Amino acid sequence: QVIITACGSSRYAALVGRYLFSNVGKKFCDVVMASEFGYFVDSVDKGTLVIAVSQSGETADVIEGVKAAKAAGAEIISIVNRPNSILADLSHHVISLNCGPEVGVAATKTFLSQLAIFYLLSFSMINSFNKARIQLSNMSSKITEALNCNNDGLIKLSHKLKDKSSFYYIARGMNFAIASEGALKLKEISYIHAEGMPAGELKHGTLALIEQDTPVVVICPADYTYSETLSNAIEAKSRGAYIIAVSDKESDIYDFWIRIPKVDELLYPMVTVVPLQLLAYYLAVSRG
Ligand code: F6R
């Protein structure tokens, strides 16, 4: 069995990895949040591979979980940005993010690098590392495009929405992890309540909280999740939601469209997350 453990943004990158492992490598694995991992250590043994993901390599819950899993005989691979860290020291194998230090509290560039590593790992499972590497080398220009074409619009949007008390972020499949990450960034730097969730879960409670003009960020690239996610956006809109869509495909139901370039469908997380980081940033600036 393969278990990925991490906290915060690193855990959301791991969730993208989980979908990639299944989709590309045909391998099921679980992602366990590090603060809960200790409660599952009874099912860890020497047949277990633990992948620990941590930007800093110093997060206490990750370290504790890894120590317990190692004591139970598991093999440990870590994905870290700081090679001289406690986590790296504890690991049998270390994959380095090589990003340089994250200057602010919010993980941004390391999140992208974690996505890149999971993409490379999943393609390595089918002996296609080089194919994945070539695909990734085209992504810088796509990410720049996603930033440049949205910058001015996101500044205006942040002025409009800065006094809202709650945001909801919805998506399906691997994009669901980006909904969670978008919401985390917003909470962390602009102190606005935000929730990210799989779009299909909206109807199990959260829909009741959507009122006239509640912002709902819908991550709906033109991939295998598009039409089902759009149906969920329509449900939210019928309750009065203000729909902010992150997509490369237009629709009448959007109130605000964050345009992203078309990319390979397994790489959409890289171009959808960056405008959401920028939205959180401009909302924080607008709120002073
Ligand atoms: C989010 C953020 C935190 C970290 C979390 C884990 O922007 O910075 O949620 O992702 O504290 O930190 P690392 O990855 O260093 O273990």
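Start by selecting Gly104, Ala106, Thr108, Lys185, Ile189, Gln277, Tyr281 and Ala284: together they line the second largest pocket of this predicted model. The space inside that pocket comes to about 150 Å³. Now colour α9 and α11 (268–286), the elements that each give two or more residues to the lining of the second largest pocket. Of the elements here, α11 contributes the most, with 3 residues. If you colour this lining by class, you will find 4 nonpolar, 3 polar and 1 charged residues.

Next, move on to the largest pocket, whose volume is about 220 Å³. It has 17 lining residues, and those closest to its centre are Cys7, Ser9, Ser10, Gln55 and Ala107.

Where does the ligand sit? You will find the ligand in the largest pocket. Select the 14 residues around it, and look for Ser10, Ser54, Ser56, Thr59 and Glu188, which come nearest. In the shell around the ligand, 5 residues are nonpolar, 7 polar and 2 charged. Both α1 (8–23) and α9 (175–190) supply at least two residues of this shell.

Finally, zoom in on the oxygen atoms of the ligand. One lies 2.7 Å from an N or O atom in the side chain of Lys185. For the backbone, look at Ser9, where a polar atom is 3.0 Å from a ligand oxygen, and at Ala107, where a polar backbone atom is also 3.0 Å from a ligand oxygen. Taken alone, the ligand exposes 410 Å², and the protein buries 82% of that.

Technical notes: Residues are numbered from 1 along each chain as its sequence is written. This is a predicted model: local features need pLDDT of at least 70, side-chain atom pairs count only at pLDDT 80 or more; totals for chains, interfaces and linings use all residues. Side-chain values use heavy atoms; hydrogens and water are left out. A residue is near a molecule or strand if one of its heavy atoms lies within 4 Å of it. A polar contact is a pair of N or O atoms within 3.5 Å; within protein, one must be able to donate a hydrogen and the other to accept it, and residues adjacent in sequence count only if both atoms are side-chain atoms. Accessible areas come from the Shrake-Rupley method with a 1.4 Å probe; for residues, only the protein chains shown count as cover. On a 1 Å grid over the protein atoms alone, a cavity is a set of points where a 1.4 Å probe fits but cannot get out, and a pocket is an open set with protein on both sides within 12 Å along at least five of seven lines; lining residues have an atom within 4 Å of a point. A molecule sits in a cavity or pocket if more than half of its atoms lie within 2 Å of its grid points. Helices (H or I, at least four residues) and strands (E, at least two) are DSSP runs, numbered from the N terminus. Ala, Val, Leu, Ile, Met, Phe, Trp, Tyr, Cys and Pro count as nonpolar, Asp, Glu, Lys and Arg as charged, and the others, Gly among them, as polar. Grid points are joined across faces, edges and corners, and a volume is the space filled by probe spheres set on the points.
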